[in-house]
Amino acid sequence: MSQYRTFNAQDAVAYAQQFGGLETPSELVEAQEVGDGNLNLVFKVFDTQGISRIIVKQALPYVRCVGESWPLTLDRARLEAQTLVEHYKYAPQHTVNILHYDPDLAVMVMEDLSDHRIWRSELIKNRYYPQAARQLGEYLAQTLFHTSDFYLHPHVKKAQVAQFINPEMCEITEDLFFNDPYQVHERNNYPAALESDVDALRQDSQLKLAVASLKHSFFSHAEALLHGDIHSGSIFVAEGSLKAIDAEFGYFGPMGFDIGTAMGNLLLNYCGLPGHLGIRDAAAAREQRLIDIQELWSTFAGRFQTLAREKTRDAALSVPGYASEFLKKVWTDAVGFCGTELIRRSVGLSHVADIDTIADEEMRHECLRHAIALGKVLIVIASRIDSVDELIARVRQYS
Ligand code: SR1
Ligand code: MG
């Protein structure tokens with residue numbers, strides 16, 4: 001019989017005392033539920049000085065932001081913990097440390113990152129972390145290379161593909177990214193003023209063909225163990241530090257999906273900045289976002305090439321020139337997936353604070369229109385955007 005029960009603050013304290021790895025667990029005395037994401041409970045557990053020391057995270061058997069009418073697998077806690085444990089092996093400096101997890105309770109205990117802040121909130125406030133984009137590129141290169149066929153023994157790779165089969169969470173992505181925005185659906189969420197922009201998406205057969213191809217790749221290209229939801233709200237930053245959290249969408253999929261999601265969220269911030277800073281002051285911050293994208297991709301591609309040269313184990317994949325050929329395909333995928341993230345965050349169920357918190361309604365609508373138009377063009381012409389400089393030129397063109 002399942003041992004699952006929903007934790008309250010006292011349960012979280014007791015659990016952190018038992019599994020938090022502290023020398024004197026009795027100093028953990030209090031917990032507060034602070035989860036503000038779409039899915040889970042998150043408790044901060046405090047010591048006698050009122051300092052947060054440990055995080056206890058529990059999956060609920062339904063989608064938190066919708067309610068019990070949308071049941072959701074508890075197995076996502078295992079998938080999240082195991083994805084983060086795998087990623088920590090290869091990028092320990094950029095992955096939250098999982099101290100313990102229990103698949104029956106759907107609970108994990110992890111390091112407290114209270115000295116860090118969520119990158120999305122910092123981007124909205126125009127607080128700049130000079131190393132963050134490069135660190136994200138490094139995290140993606142290390143995790144994606146080391147979980148791919150370039151590095152893993154074929155038997156290990158296939159066993160891991162099976163271990164990380166994640167059908168329910170993938171289905172959420174399959175629906176929210178690739179279906180809902182291109183049809184009339186009750187989950188969609190956009191202002192009535194944008195009806196004609198959204199209807200144009202539904203009527204655009206060239207766009208829908210390109211989206212079908214991206215979805216097909218998401219279904220079937222088991223290239224590496226993805227984070228699966230690496231947006232700026234799944235990333236903690238501090239001076240000189242970046243840590244990925246929240247990997248419950250982890251599965252073996254196309255590398256371009258993680259890179260495209262990350263770039264897409266930098267572009268969503270780009271679109272929203274005038275609504276927070278005013279058009280004139282947003283210009284410099286926007287230029288910085290474009291530099292961030294440039295740094296993210298160059299760091300990823302540079303590190304991936306180095307790892308491929310030094311550590312590829314497969315005889316065929318180590319042939320000179322193959323890694324660069326493969327990266328061209330990853331890049332094209334990334335541009336397309338980036339476009340789908342821009343559109344689904346503007347039209348679909350789940351939005352981003354970068355645009356949604358803009359107070360002025362007209363400005364908010366303009367920013368949404370901008371994100372939709374940019375997303376559309378990136379999806380359709382992804383195969384013609386053959387470098388990050390070309391991508392940046394296109395973004396400027398559609399500003
Ligand atoms: C029902 S879950 C909606 C979104 O929240 C998560 O953070 C993922 O981005 C997902 O698409
Ligand atoms: Mg999340």
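Which residues are around ligand 1? The legends below start there. This is a predicted model, in which local features need pLDDT of at least 70, side-chain atom pairs count only at pLDDT 80 or more, and totals for chains, interfaces and linings use all residues. Residues are numbered from 1 along each chain as its sequence is written, while chains are lettered from A and ligands numbered from 1 in the order in which they are written.

**View 1. The shell around ligand 1.** Asn 38, Leu 39, Val 63, Ile 172, Thr 173, Leu 176, Asp 229, Leu 349 and Ser 350 are the residues around ligand 1 (C-beta atom, placed from the backbone, within 6 Å of the ligand). Helix 6 (residues 167-178) gives the largest share, three residues; helices are DSSP runs of H or I with at least four residues, and strands are runs of E with at least two. Ligand 1 lies between domain 1 (9-111) and domain 2 (117-397), because both give residues to its shell; the bounds come from an automatic or database domain assignment.

**View 2. Glu 111, a UniProt "binding site" position (unreviewed entry).** Such annotations may be inferred rather than shown by experiment. Glu 111 is found in strand 7 (residues 107-111). With 16 other C-beta atoms within 10 Å, Glu 111 is partly exposed (buried means 20 or more, exposed 12 or fewer, partly exposed in between).

**View 3. Glu 248, also in the UniProt "binding site" record.** Glu 248 sits in the loop between strand 11 (241-244) and strand 12 (251-253). Glu 248 counts as buried because 27 C-beta neighbours lie inside 10 Å.
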